[in-house]
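Have the model open while you read.

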Amino acid sequence: MVGCALLVMLAIAPLDAQDAVSAPNAANVRLTEVADGFSRPLYLTHAGDGSGRLFVLEQGGRIWILQDGQRLDTPFLDLTALVSTDANSFGYTERGLLGLAFAPDYATSGIFYVNYTDRSGDSVVARYRVTADANVADSASAEILLTVDQPYANHNGGHLAFGPDGYLYIGFGDGGSQGDPQGNGQRLDTPLGKILRIDVSGETGYTVPADNPFVGTPDAMPEIWAFGLRNPWRFAFDRATGDLYIGDVGGSAWEEINFQPADSAGGENYGWSLFEASQARTAAGNAGLVMPIAEYPHSEGISVTGGYVYRGERIPDLQGIYLYGDFGFGTVWAAWRDAAGAWGSAVYIANSGQVISSFGEDEAGELYIVNYSGLVMRLDPAA
């Protein structure tokens, strides 16, 4: 297979002295094939339960378990009857089963969450539980927490992740079409173009954390945590620092990575649709906006896929480095901060040869690349 022999060379350009504190050293990293044969896989994650299992999400509605490198015969959960399978004339869709997150106490509660586009084309966030069989979820346990009307077929977002505060963060795109025709990115009365933050620790439903930034703001959704996003395709918390990294898919010209420090009180405005990355689209100016920490033009990629800060042990040269990539070009980049907290210039790592629909992280902090064509790859040391 293509991934078995692929060797990715981390060719690091010369760096300033201050950057050298935490920039990756020149090293070789091999992509090792872990599994193949998935249908449009979009995400990989773990349950945090000590089992070492990996869960692979397919766009069509199934979640599969990889255990000891082998895919189990029966899906963990099959939502194909609920999930939209509509595609355009090219056979492509941004709808489907898009997000999966396991509760921080999953080992005891057996609770997890999914984000999918339903047969009406709207986004659904639902809670599920596992059965007595640890490898099979209870499809009848569904509790719908949120339903969001989607005005267009694209920019559904769909990612889910628990923060270090124990709250569930939910990403939604701006609702689709081109150029944000409804102005959703800058509106506070809609979940579209936002990251939401909710408390799902109760037995049913959810509550809004009292310290969410727009609690008490007239005409604003109190669930909103951050706004000004076009289509946040994968965001992740650094498991060591709690910092949040967001890959936001660009419009006509630029892709971007946004950042929120762990001590943020929320409320960041990342600029869309006033800005695309750091490029102004209007004459409004950037006062009060948070500019990206990294960006690249469409001559270098067409759709950013947010990744993770590497916190594994197998590749010491990558420790503390944020890795992200491009869906269309297969490019992988690295971003980092030096000891003074300043961002170094993003470094081109290599062309992975993969259609990067997602990065993934296992319980040990090792990183994976999910190929939309069906492969799961792991980043390994070359020697």
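Arginine 314 has a relative accessibility of 42%, so it counts as partly exposed. Keep in mind that this is a predicted model. The side chain of arginine 314 meets that of aspartate 380 in a salt bridge, 3.3 Å from N to O. That pair ties together distant parts of the chain, 66 residues apart: aspartate 380 is in strand β28 (residues 376-381), while arginine 314 is in the loop between β22 (304-309) and β23 (322-326). Aspartate 380 itself is buried, at 1% relative accessibility. Aspartate 380 also forms a salt bridge with arginine 378, with the closest N and O atoms 2.8 Å apart. Arginine 378 comes out as partly exposed at 22%.

How many salt bridges are there by this rule? The count is eleven. Another one joins arginine 62 and aspartate 78, whose closest N and O atoms are 3.2 Å apart. Here arginine 62 is in strand β5 (residues 62-67) and aspartate 78 in strand β7 (residues 77-78), 16 residues apart. Arginine 62 is partly exposed at 31%, and aspartate 78 is partly exposed at 35%. There's also a salt-bridge network linking Asp165, Arg197 and Asp211.

Now for glutamate 223, in the loop between β14 (194-198) and β15 (224-227). Glutamate 223 is buried yet has no salt bridge. Its nearest side chain of opposite charge, lysine 194, is 11 Å away; a salt bridge needs the nitrogen within 4 Å of a carboxyl oxygen. Leaving aside neighbours within four places in sequence, the contacts of glutamate 223 include Arg197, Tyr206 and Asn212.

Notes: Residues are numbered from 1 along each chain as its sequence is written. This is a predicted model: local features need pLDDT of at least 70, side-chain atom pairs count only at pLDDT 80 or more; totals for chains, interfaces and linings use all residues. Side-chain values use heavy atoms; hydrogens and water are left out. Helices (H or I, at least four residues) and strands (E, at least two) are DSSP runs, numbered from the N terminus. Buried means under 20% relative accessible area, exposed over 50%, partly exposed in between (1.4 Å probe, protein chains only). Lys and Arg count as positive and Asp and Glu as negative; His and the chain ends are not counted. Contact means heavy atoms within 4.5 Å.
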